[in-house]
Amino acid sequence: MTNYDGRMGRPKLLVTGAAGRIGKAFSSIVADRFDLALTDRREDLGNSASPVRSMDITDFSACVKACEGMDMVLHLAADPSPAADFIRSLLPTNIVGTYNVFTAAAQAGCQRVVFASSAQAVEGYPLDLQVTESMAPRPKNLYGVTKAFGEALAAQVASETGMTCVAVRIANVADFFIGESHSARDVAAFISEWDVVHLLERSLIADIQGFYVFHGVSNNRYKRLSIHETMRSCQYEPKDDAFEILGFPIPR
C-alpha cells in the first residue's frame, strides 16, 4: 500500500484518546490502512485493532516519546465535558496537553496533525445561522474556548513549522433511531460514527498542505455546520442523514 505522500507502506499514525468512542470506532474501521499506535490516559488491552497503551498528554516527555517515528498524529484526547472545571481539568488536559502533542509532533518531524476540535468552538453563533469553515471561533462555554485555542495553535504550528495541521470541528456524534425526538440543533449537528471516521481519515490522507478547518456533520437535510469547503478540500463524502434516520418526511 502506498503512503499518503507517495512512499511505500502504511502511514505510522499515533492516536491519542484512542479508548474513547471516536478512537475505538476509528481504529476498528481503519486498522488495515494505518500502522497504529493507540494511546489513552487509561489502558484498554481489549481494543479490537491493537492494545491501547497508557499515556498522559499532560506529560510532555511522554508525548515526545510517543511521537518518535510517527508520520502523523490524530489528537482526540480531551476532557469533553462543557461542565468540566477549567483549572483542574480543561487547562491541563485540553490546553497544556494539546500544546504538548503539537510541540512533540513538530519536534519528531511528523508531517501532519489532525486535531479533534468541536462544534462547541462555534456554538456561540445563533442557531438559525449556518456556520461555515471560514468563520472565526465563537465559543459558548470554556470547553469551546479550549477547542478554539487548539485551532489557533494548529494554525500557528502550521505557519511556523510547515507541518500540515487540520482542525476538525466534530459536532454531535450519536446513534439516532426512527421515531426518536431530538432538538433541532442536535439533529442538524448529527454525525454518525461511520461519517466521523471517514472524515478523520480523509483529513489525514488528503493532498493538502498548511492549515485547514473542516466541519464534522453528516449529510443532514439541514446542517448546523456547512461542509461545502470540507467536501471540496478533502473529498469527504458523508453517507448518513439524521432527518432520514429519524423518519422525518421530506417537505413538498
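**Exercise 1. A strand residue and its distant partner**

In which strand is the place of Val15? Then state whether Val15 is buried or exposed, and compare sequence and space for Val15 and Thr230.

Solution. The model is predicted.
- Step 1: Val15 sits in strand β1, which covers residues 12–16.
- Step 2: the relative accessibility of Val15 is 0%. Buried means under 20%, so Val15 counts as buried.
- Step 3: Val15 and Thr230 are separated by 215 residues in sequence. Their C-alpha atoms are 22 Å apart in space.

**Exercise 2. Salt bridges**

How many salt bridges does the count come to? Describe the pair Glu193 and Arg21, then work through Asp56 with Arg41 and Asp85 with Arg88.

Solution. 
- Step 1: the rule asks for a side-chain nitrogen of Lys or Arg within 4 Å of a carboxyl oxygen of Asp or Glu. The count by this rule is 12 salt bridges.
- Step 2: between Glu193 and Arg21 the closest N and O atoms are 2.6 Å apart, and the two residues form a salt bridge. This pair links distant parts of the chain: Glu193 is in helix α6 (residues 193–205) and Arg21 in helix α1, 172 residues apart.
- Step 3: Glu193 counts as partly exposed at 28% relative accessibility. Arg21 also counts as partly exposed, at 37%.
- Step 4: a network of salt bridges links Arg21 and Glu193 with Asp175.
- Step 5: a salt bridge joins the side chains of Asp56 and Arg41, at 3.6 Å from N to O. Asp56 is in the loop between β3 (52–54) and α2 (60–67), whereas Arg41 is in the loop between β2 and β3; the two are 15 residues apart, and the pair links distant parts of the chain. Asp56 counts as partly exposed at 30% relative accessibility.
- Step 6: for Asp85 and Arg88 the N to O distance is 3.5 Å, and their side chains meet in a salt bridge. Asp85 counts as partly exposed at 32%. Exposed means over 50%, so Arg88, at 69%, counts as exposed.

**Exercise 3. The largest pocket**

What volume does the largest pocket have, how many residues line the pocket, and how do the lining residues divide into nonpolar, polar and charged?

Solution. 
- Step 1: the volume of the largest pocket is about 790 Å³.
- Step 2: the lining has 33 residues. Those nearest the pocket centre are Leu76, Ala78, Asp79, Pro80 and Tyr143.
- Step 3: two or more lining residues come from each of α1 (21–30), β2 (35–40), α3, β5 (112–118), α4 (142–161) and β7 (172–173).
- Step 4: by type, the lining of the largest pocket holds 14 nonpolar, 11 polar and eight charged residues.

**Exercise 4. A surface patch and a backbone angle**

Which residues make the nonpolar surface patch of about 240 Å²? Where is Gln235 found, and what is its phi?

Solution. 
- Step 1: Ile87, Leu91 and Val96 make the nonpolar patch, about 240 Å² of surface.
- Step 2: one of these, Leu91, lies in helix α3, residues 86–107. Leu91 is partly exposed, with a relative accessible area of 30%.
- Step 3: Gln235 is in the loop between α7 (228–234) and α8 (242–245).
- Step 4: the phi of Gln235 is positive, about 60°, although Gln235 is not a glycine.
- Step 5: Gln235 has a relative accessible area of 38% and is partly exposed.

How values were computed: Residues are numbered from 1 along each chain as its sequence is written. This is a predicted model: local features need pLDDT of at least 70, side-chain atom pairs count only at pLDDT 80 or more; totals for chains, interfaces and linings use all residues. Side-chain values use heavy atoms; hydrogens and water are left out. Patches are made of residues with over 30% relative accessible area and no salt bridge: like charges are joined within 9 Å, nonpolar side chains (Val, Leu, Ile, Met, Phe, Trp, Tyr) within 5 Å. Accessible areas come from the Shrake-Rupley method with a 1.4 Å probe; for residues, only the protein chains shown count as cover. Helices (H or I, at least four residues) and strands (E, at least two) are DSSP runs, numbered from the N terminus. Buried means under 20% relative accessible area, exposed over 50%, partly exposed in between (1.4 Å probe, protein chains only). On a 1 Å grid over the protein atoms alone, a cavity is a set of points where a 1.4 Å probe fits but cannot get out, and a pocket is an open set with protein on both sides within 12 Å along at least five of seven lines; lining residues have an atom within 4 Å of a point. Grid points are joined across faces, edges and corners, and a volume is the space filled by probe spheres set on the points. Ala, Val, Leu, Ile, Met, Phe, Trp, Tyr, Cys and Pro count as nonpolar, Asp, Glu, Lys and Arg as charged, and the others, Gly among them, as polar.
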